[in-house]
Amino acid sequence: MKSLIAALTLTTALTAPGLVSAEPVTFTTTLKDYGGRGAYVALYVTDETGAYAGSLWMAGGKSKYYKHLSDWYRMTGGDSGEVNGISGASVGSGRTLEITLDLSDALFDAGYTLHVDASVEDFRDSPNDASVPLTRDAANTPVAGRMYVSSLSYSM
Amino acid sequence: MLKPILAVTALAAIPAGIALADGKDYRGSLKDAQPMSAVLQLAEENGWMVRELDMDDGFYEVEARNAEGRMIEVKLHPETLQIVEHEYDDDDDDDWHGNANNPARAGTAEPPQNGLFAPGAAPQVEVK
């Protein structure tokens, strides 16, 4: 038993710093000049199995429109509590949303993927408009979006 | 003082029928929808001062101040004008299109403890 406790103590000591250490990461999402009204944009993360892991930001103030961010909505069940404290206004056509977050180091090089859903009033919804793996190697490398997102990148 | 206002988008929405494109919620035809004048008449009967009237997924959506002075959002069936949803919208500072010049995070709550954020970290947001 003593050895088990010692082992647990050791592993906890080794892993605990990794769980709490963090660093600021800046996510930059530039929208195309699509010509419509402000876009609702959801940034969220899935794990290595594709399962929803959590949200990073919701640009768009009215939860009744979140259903148009259809992948995010399906994964979260539309629970606006998922973005409580991490939501703001929608993003205008051609504008760039820059978000700096203190994220857990454990998110990187661990199979997680960042996704962006986007939607514009009276336009088509665009789930998974852009996505990028969360790895240190992929940082600072913009990826192109499909419909509303011109480019998505992150720096750390 | 509020006056009944029809959003430009509402006028554009009906002939285009875009709101029905995904067909998720309402599968009828816009040809069977009641005219907007009927919605406004219903609003007047209920004492609603209409601020915006448009369609979303084929349903009428009315944003208005009710007879008690509270902001409401009401979803109406396009054919019967029956109330499908009714909610209070006292936090009336951000429409669909929002205010892209004010991207500050809403409220004062810290990020959710979803394992992604470092404890106590406050997001910094800017729209350029």
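Begin with the largest nonpolar core, which has 42 residues; a nonpolar core is a set of buried Ala, Val, Leu, Ile, Met, Phe, Trp, Tyr and Cys residues joined through C-beta atoms within 7 Å. Select A:A39, A:V41, A:A42, A:L43, A:L56, A:A59 and A:V116, the members with the most contacts inside this core. At least two core residues each come from β1 (22–31), β2, β3, α2, β5 (96–104), β6 and β9 (149–155) of chain A, and likewise from β5 (124–127) of chain B. Helices (H or I, at least four residues) and strands (E, at least two) are DSSP runs, numbered from the N terminus. Apart from this core lies another, of eleven residues, including B:A43, B:W48, B:L53 and B:V62.

This is a predicted model, in which local features need pLDDT of at least 70 and side-chain atom pairs count only at pLDDT 80 or more, while totals for chains, interfaces and linings use all residues. Residues are numbered from 1 along each chain as its sequence is written, and chains are lettered from A and ligands numbered from 1 in the order in which they are written.

Next, colour chain A by pLDDT, the predictor's confidence in each residue, from 0 to 100. The mean for chain A is 86, and 87% of its residues reach 70 or more. Over residues 8–19 of chain A the pLDDT is below 50, and this stretch has four contacts in the model beyond near neighbours in sequence.

Now display the open sheet of five strands in chain A, ordered β4-β3-β2-β6-β7 with mixed pairing. β4 and β7 (126–133) of chain A stand at the edges with a single partner strand each, so one side of each has no neighbour in the sheet. Two strands pair if DSSP finds at least two bridges between them.

On one side, β3(A) pairs with β2(A), residues 40–46, in the antiparallel sense over six bridges. Five residues lie between these strands in their hairpin, where A:G50 takes a positive phi near 90°. β3(A) also pairs with β4(A), residues 87–88, in the parallel sense over two bridges; there A:A59 stands opposite A:G88.

Which residues stand opposite A:V45? In β3(A) the bridge partner of A:V45 is A:G54, and in β6(A) A:V45 faces A:L114. β2(A) and β6(A), residues 113–119, are joined in the antiparallel sense over seven bridges.

Move to A:A42 and show its contacts (C-beta atoms, placed from the backbone, within 7 Å). Leaving aside neighbours within four places in sequence, A:A42 is in contact with A:S55, A:M58, A:L69, A:W72, A:V116 and A:D117.

Then select A:S70, in helix α2(A), residues 70–76. A:S70 is partly exposed, with 18 other C-beta atoms within 10 Å. Not counting residues up to four places away in sequence, A:S70 touches A:D117, A:D125 and A:P127. The C-alpha atoms of A:S70 and A:A118 are separated by 8.8 Å, although these residues are 48 apart along the chain.

Finally, select chain B, whose two helices and five strands run α-α-β-β-β-β-β from the N terminus. Of its 128 residues, 27% count as buried.

Key:
Buried ≥ 20, exposed ≤ 12 C-beta atoms within 10 Å, placed from the backbone. Contact = placed C-beta atoms within 7 Å.
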